[in-house]
Amino acid sequence: METLSFHYHLSICFDAPVHDHHFTLRCFPGSDERQRIDRLQITIYPNEFFSDSFDSFGNRCIVGRAGQPHTHFSADVTGDAVTGLSDRVPEGNPWREHLFRQQTQLTWPDEELVSFADSLPTYSNPLDTARAVMEAIGKKITYTSGVTNVDTTAAEAFLLGKGVCQDYSHIMLSVLRHKKIMARYVVGMLMGEGLSHAWVEVKDGSGWYGFDPTNQLLVTDQHIKISHGRDYRDCRINQGHFYGLGKQTQEVSVLVRRKEAVTA
């Protein structure tokens with residue numbers, strides 16, 4: 001078990017004023033059986049109006065509107081996460097779970113990815129299969145930034161043999177779903193300084209177990225979950241629309257570190 005302090009920062013700059021900016025943000029970790037979130041603080045600018053909500057997958061989100069002209073938008077989320085309370089996340093809403101058996105536009109396999117999936121063992125225990133898939137992907141894909149983007153599919157990344165955490169996760173989802181194993185995409189934060197992170201949760205029995213194919217390990221006390229969905233598109237940190245001719249530049253930074261114990 002760990003107690004981690006986190007700071008998630010999102011900044012959007014516009015090169016000309018925009019207005020009537022409607023947004024949905026998913027950068028707020030929630031409490032569940034595996035983690036407990038304490039001292040959560042959310043600062044949004046401009047903060048003319050926003051409210052708490054949940055999306056169709058049960059992820060916490062903020063829905064808001066900034067009506068007045070502005071050239072900068074930001075969100076800062078800070079708090080503490082007590083992690084490692086359990087090795088799994090409970091099943092949630094069973095009626096939605098069939099969605100995590102289905103391929104999406106980003107995970108749909110081509111012939112080469114199907115051949116790769118069929119070459120890997122399928123065990124009676126989904127978690128054993130997931131571990132074998134994760135290890136095999138680690139041998140096929142090299143972590144390389146700048147060669148893929150948010151619209152790169154699992155098949156495209158697999159053909160390249162390169163990618164980032166989003167690509168590792170989409171490839172793993174593609175293979176597991178081809179093998180009829182229920183799996184979902186996860187966005188979260190990982191110990192250290194950098195960007196948000198992506199991994200996979202696999203259903204076994206009444207719970208979901210985390211696998212981090214990028215780092216070739218089971219999800220540990222150093223992972224803080226934010227959201228889950230069928231693929232990256234269900235877990236976008238920022239979605240919305242605005243009026244104006246301003247072009248936007250978005251920056252994200254994440255800092256997660258162990259919280260120092262307070263001594264008398």
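How many residues of strand β11 are buried? In this predicted model, the count is 7 of 8, so strand β11, spanning residues 197-204, is mostly covered by the under-20% cut-off.

Start from β11 and look to its partners. Strand β9, residues 183-190, pairs with β11 in the antiparallel sense. The pairing runs over 6 bridges.

As you trace the side chains, keep one rule in mind. In a regular strand, side chains alternate between the two faces of the sheet.

Now follow the turn. β11 and β12 form a hairpin with 2 residues between the strands. Within this hairpin, Gly 205 takes a positive phi near 65°.

Next, the cysteines. A disulfide is a covalent bond between the sulfur atoms of two cysteines. How many disulfides does the model hold? The count comes to 0. Cys 13 is in no disulfide, and the nearest cysteine sulfur, that of Cys 27, is 16 Å away. Cys 13 counts as partly exposed because its relative accessibility is 39%.

The cut-off for a disulfide is within 2.5 Å. Cys 165 is itself buried, with a relative accessible area of 13%.

Terms used: Residues are numbered from 1 along each chain as its sequence is written. This is a predicted model: local features need pLDDT of at least 70, side-chain atom pairs count only at pLDDT 80 or more; totals for chains, interfaces and linings use all residues. Side-chain values use heavy atoms; hydrogens and water are left out. Buried means under 20% relative accessible area, exposed over 50%, partly exposed in between (1.4 Å probe, protein chains only). Helices (H or I, at least four residues) and strands (E, at least two) are DSSP runs, numbered from the N terminus. Two strands pair if DSSP finds at least two bridges between them.
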